[in-house]
Amino acid sequence: MTLHRFLMAKPWIWSFAATIIVWVVTVLFTGGASSFGLSQAALTFAAFSVVVGIGQMFVITLGPGNIDLSVPATMTLSGTLALKLMDVQDGMILVGLLASIGIGLIIGLGNYVLIKALRIPPIIATLSMSFIVQSVAIWSNRGLRIKPPETLANFATSGLFGIPNVALVALILSVIAWILLEKSIYGRWISAIGQSTFAARMAGIPVDGTRLVTYMLCAVLASVCGYLLASFSGGAALNMGSEYLLMSIAVVVIGGTAVAGGNSNIPGIWGASLFMFLVVSMLNTYGFGAGFRLILTGLIIIAVILLAGGRQSLR
Amino acid sequence: MKLSSGTIRLIIPAVSLVLLLAAVFYMQPRAMSYTGLNLLFNLAVPIALATIAQMLIMSVNDLDLSMGTFVSFCACVAATFLQSSPVLGILIFLGAIAAYAIIGVVIHIRGLPSIVVTLGMSFVWGGLAVLILPSPGGTAPTWARWVMTAKPPLVPMAIVASILIAAVTHYIVMRSSFGVLMRGVGGNDRSVERAGWSVIGIRAATYALAGFFAILSGIALVGLTTSADANIALRYTLLSIAGVILGGGQFVGGKVSPIGAVIGALTLTLAGSFLSFMRISPDWQIGAQGAILIVVLALRLALNRLEKREKSQ
Amino acid sequence: MTETLKREEVVAARGIKVTFGAVKALDGADLVIHAGECIGLVGHNGAGKSTIVNVINGGLSPHDGSLSYSGNETHGISAARANGVRCVFQELSLCPNLTVGENARIMHAELKGWNWRGRALSLVETQLREIFPGHSIDCDLSIDDLSIAERQMVEIAISFAGIDKRPKLVILDEPTSSLDAGLAAQLMAYIRKFVAQGGSVLLISHILGEILSTSDRIVVMKDGRVVADRMASEFNTRSLVEAMGNVVREQEFARAAAAKSGAAVLSMPPRRGHGLSFQAYRGEMIGLAGLGGHGQTEALLDLYLDRNSNWWPTQKREIAFVAGDRSLNGTFPLWSILKNLSIASLGQLSSNRMVDRGREDELGAGWKKRIEIRTPDMHNRILSLSGGNQQKVLFARALATTATTVLMDDPMRGVDIGTKQEVYEILRSEAANGRTFIWYSTEMDEIRLCDRVYVFRNGAIAAELVGEEITEKNVLAASFHEGDAA
């Protein structure tokens with residue numbers, strides 16, 4: 001009974017358990033030869049999903065209907081503009097990072113202005129915003145594919161003590177996000193808003209201000225991720241963000257964050273991101289194609305949401 | 001005569017479409033011909049059908065994020081099984097409709113957010129599509145090709161089909177007694193339940209109907225493009241939502257309009273052609289579509305305010 | 001009397017008991033409705049009017065007692081509908097996005113097949129014309145486009161309409177709340193006609209004139225029981241108010257001497273452009289009385305939202321709110337008791353915007369002792385508490401803030417008497433310390449605790465009672481519209 005309650009209280013355990021199983025199975029299948037490389041790759045690619053996933057999680061925590069569809073466009077624009085601004089000069093690395101953070105702030109602000117001023121649901125507001133952002137990215141990306149500054153590229157592709165640098169960055173961001181969520185007033189506020197917006201308002205929480213900050217935070221994380229991803233892959237591509245739209249939502253859901261809002265879970269995002277990558281590589285090593293991989297991903301999402309939904313109805 | 005709010009909701013989309021069309025004709029007078037119109041609206045038919053499917057889901061306060069992958073899947077089935085062994089193809093489609101009905105039931109019984117369930121389904125449909133057609137290919141069934149490229153006298157096929165779609169779905173959603181129940185669930189499901197109806201059944205039927213129209217969309221798309229691939233219609237998810245909204249539909253409250261949805265889909269299609277006639281560089285076309293969406297929504301908000309002020313006076 | 005006995009019993013509810021937790025909503029109530037009579041049902045808030053209506057229309061199963069329709073014992077929504085019971089609810093139960101005719105289709109399953117639209121239209125139009133001759137409702141419009149009064153008219157018409165068979169009993173819960181005097185008179189006239197043709201009506205209204213002039217028999221409820229059941233001719237406005245009230249228990253207690261000192265801490269102009277304006281002074285306990293749903297909650301919300309920014313964190317909180325509907329707008333169900341308690345005073349508990357767990361625990365321990373929250377651990381989930389204890393946590397949430405004014409939206413609904421006494425004690429000592437309380441309550445005992453009372457009717461303040469004037473009789477008289485017989 002206590003074990004049961006412990007598991008219920010820590011829904012991220014499932015994603016980690018699944019991750020470890022998949023890792024072991026894959027490593028066994030390949031005879032152990034690939035264990036180091038596989039872990040490295042998993043950490044690297046999971047890191048990107050973690051960074052955008054955290055932002056999406058903050059937004060989803062705000063409650064039903066809150067979602068940010070402008071994540072991929074933001075990633076693309078930030079990667080493109082930052083690389084263009086840095087123009088392969090090492091001295092500009094910090095300026096580029098600041099620029100991409102600025103882009104995130106502007107897009108987040110724009111998203112919430114649309115939501116509030118036009119009174120449209122976040123899903124359509126962030127969608128319209130993403131169209132415009134995507135266009136700016138296409139426009140600015142025209143011409144040559146600009147390489148990232150050498151130091152930055154080296155940083156993004158190398159590691160420290162065998163752990164990829166991007167994973168370390170994602171870890172630092174996760175710790176900050178965890179502190180925000182668990183220790184700060186802001187974390188309490190978004191959780192309260194997600195459980196009941198009206199009750200939150202009546203408890204004296206500045207609901208609109210908090211939501212605005214959250215949408216800006218999500219966009220900033222997406223643009224930082226775009227900056228890192230562009231540096232990692234040696235240049236920005238127009239479709240570089242596209243797979244992260246569904247991925248950012250999927251890792252949040254699989255990671256045990258309540259889709260109904262109010263309850264979020266940072267460790268779970270790590271578990272889910274690693275799991276999603278490892279499932280893909282496992283199916284690849286077995287020789288399954290992209291089709292099975294997608295079907296399995298979808299079935300996993302639905303199974304998780306069915307289980308999680310069942311938990312809520314038991315309450 | 002007092003205009004009903006439903007009629008007012010239809011005016012803005014219709015006016016935007018007419019203005020856009022006028023602008024296109026002004027800039028490119030040659031478009032004012034049979035072939036010109038056909039070219040302009042060619043791709044509108046599958047988008048209109050997908051928009052109708054999305055609208056049905058939205059009429060019961062849900063949202064389908066798997067529309068694009070589902071239409072892609074249907075296009076792949078249409079270009080392969082439906083062409084080579086029609087019976088198997090039809091069976092697959094029936095299975096897909098049943099799957100949609102089951103999704104509706106599951107969402108209702110477990111009280112799940114439709115966004116997440118359909119998000120999961122979008123992976124499933126996408127995976128199935130890749131399994132059927134790992135690389136672009138397949139052939140359109142001859143009859144689908146024939147229907148989509150038919151040249152009726154006077155008015156191009158795309159427009160005839162759009163009017164037909166609007167008329168049929170207007171009858172189903174706005175006039176039939178089933179449509180009333182469907183919109184009733186969106187408007188106030190408690191009162192529908194209190195009057196003794198099964199809301200689960202209504203939701204399942206609505207989802208099944210949406211699946212049916214999405215299948216038609218896939219077949220129409222293949223009829224136009226002659227072959228299919230697994231990613232052929234991915235952007236339909238967002239286009240269909242935008243089309244419903246442009247056409248005056250709303251996310252909650254069962255306020256939808258099939259005629260508006262078709263007009264919304266036509267507007268979106270035309271906006272693409274308009275922007276290229278404007279010599280707006282292709283870079284900005286997506287952005288301009290976003291801007292059009294925002295402008296129309298802002299207009300509608302202004303109109304709603306006006307209407308409310310009139311009512312309170 | 002013998003004539004009444006011979007008539008058919010449409011609905012007979014005898015000895016009905018319904019309890020919600022510790023609260024006895026119905027405590028052995030009897031209500032028998034015969035064919036061809038109109039019964040007026042009156043009573044103050046919480047007397048059990050809506051509960052007995054819900055039992056009769058099948059929405060609630062009684063925990064004890066017998067319920068029969070036309071002599072057959074059965075219950076449930078479909079059984080009630082099959083026996084010709086229809087109900088017009090106080091909150092509108094039409095689909096706002098559908099037209100008038102389409103709503104008729106939802107309520108009447110028989111409307112289907114060829115030309116159902118035409119038949120639905122003629123059904124509603126005929127019925128509307130019959131009840132409200134000369135009305136100007138366009139039945140092709142959607143409910144959204146109609147005024148509140150028109151919506152109410154449509155709902156009444158749809159409920160009275162019948163295709164194959166007419167309804168036997170129509171329950172009208174405050175049917176004239178948004179109709180003007182002319183329309184109300186038309187409705188009352190139609191009720192008489194409907195009754196004369198053998199139908200029955202159960203009429204609930206706060207306008208006593210209507211009840212007295214339209215009903216054949218008047219049933220007065222109090223504390224979940226029927227306290228009077230007599231022919232309407234035996235009542236007049238005065239005796240009706242007296243029957244509803246509680247003349248025996250008019251206990252006395254020390255009331256703080258009204259101290260209207262200094263400037264008002266809160267004030268509000270007359271609501272809806274008529275009635276009295278509102279003022280509150282430091283250290284006062286102000287009651288908002290009147291029948292439920294007459295604008296008290298809206299007044300509280302206006303007071304609160306005007307003084308709380310939606311964008312910036314407030315530096316110094318001046319006003320706090322205690323919600324009445326716990327599950328809807330009070331508790332945060334995923335959280336522990338402690339987090340639910342501290343949410344409104346996080347500013348005091350944190351440094352650099354980070355919550356100090358130590359100080360939070362201290363606050364929790366202090367309030368746990370002070371208001372006796374019955375839990376082994378403040379870190380348990382809020383839902384592990386009983387309703388009364390959850391409510392205490394909400395009180396503690398407001399009282400733990402620095403706010404000098406506390407608004408309370410009928411917070412004691414469904415709380416057991418022991419808890420109530422404890423909370424009253426705390427409120428009194430807090431008021432003595434200079435806090436101002438504005439208290440909307442549907443319970444007369446609580447209203448009588450206040451220093452000053454505003455009685456609401458139809459969204460505006462109808463009367464102000466001070467000190468000794470606060471009696472059940474005065475409150476009832478002000479909340480019920482004596483009005484002309486409509």
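In E20(C), C:Leu465 is the bridge partner of C:Val453. The model is a predicted one, in which local features need pLDDT of at least 70, side-chain atom pairs count only at pLDDT 80 or more, and totals for chains, interfaces and linings use all residues. Residues are numbered from 1 along each chain as its sequence is written, and chains are lettered from A and ligands numbered from 1 in the order in which they are written.

**Chain C**

Strand E19 (residues 452-457) of chain C pairs with strand E20 (residues 460-466) of chain C in the antiparallel sense, over six bridges. Strands (E, at least two residues) and helices (H or I, at least four) are DSSP runs numbered from the N terminus, and two strands pair if DSSP finds at least two bridges between them. Two residues lie between the strands in the hairpin of E19(C) and E20(C), where C:Asn458 takes a positive phi near 50°.

The domain assignment of chain C gives domain 1 (2-244), domain 2 (255-318 + 403-470) and domain 3 (336-402); such bounds come from an automatic or database domain assignment. Between the C-alpha centres of domain 1 of chain C and domain 2 of chain C the distance is 34 Å.

C:Ala431 has its place in helix H15 (residues 417-432) of chain C. Is this residue buried or exposed? C:Ala431 is buried, because 20 other C-beta atoms lie within 10 Å. The term buried asks for 20 or more other C-beta atoms within 10 Å of the residue's own, exposed for 12 or fewer, and partly exposed covers what is in between, with C-beta atoms placed from the backbone. Apart from neighbours within four places in sequence, C:Ala431 is in contact with C:Gly283, C:Met285 and C:Phe437. Contact here means that the C-beta atoms of two residues, placed from the backbone, lie within 7 Å. C:Val406 is 25 residues from C:Ala431 in sequence and 10.0 Å from it in space, C-alpha to C-alpha.

**Chains A and B**

Chain A has 14 helices and two strands. Its radius of gyration is close to the value of the globule rule for 315 residues, so chain A is as compact as a globular protein of that length. The secondary structure of chain B comes to 14 helices and zero strands. For chain B too the radius of gyration is close to what the globule rule gives, here for 313 residues, so chain B is as compact as a globular protein of that length. The radius is taken over C-alpha atoms, and the rule is 2.2 Å times the number of residues to the power 0.38.

| Chain A | 20 Å | 20 Å |

Along the principal axes, the C-alpha trace of chain A spans about 55 × 55 × 35 Å, and the C-alpha atoms of chain B fill a box of roughly 60 × 55 × 35 Å. Buried residues make up 56% of the 315 residues in chain A and 55% of the 313 residues of chain B. Of the contacts between residues at least 6 apart in sequence, 78% in chain A join residues at least 24 apart; in chain B the share is 80%.

**Where chain B touches chain A**

In this pair, 35 residues of chain B are in contact with 39 residues of chain A. Helix H7 (114-132), helix H12 (236-246) and helix H14 (285-312) of chain B are the elements that give two or more residues to the side of chain B that touches chain A. H7(B) gives the most to that side, with 14 residues. By class, the side of chain B that touches chain A has 25 nonpolar, eight polar and two charged residues. Ala, Val, Leu, Ile, Met, Phe, Trp, Tyr, Cys and Pro count as nonpolar, Asp, Glu, Lys and Arg as charged, and the others, Gly among them, as polar.
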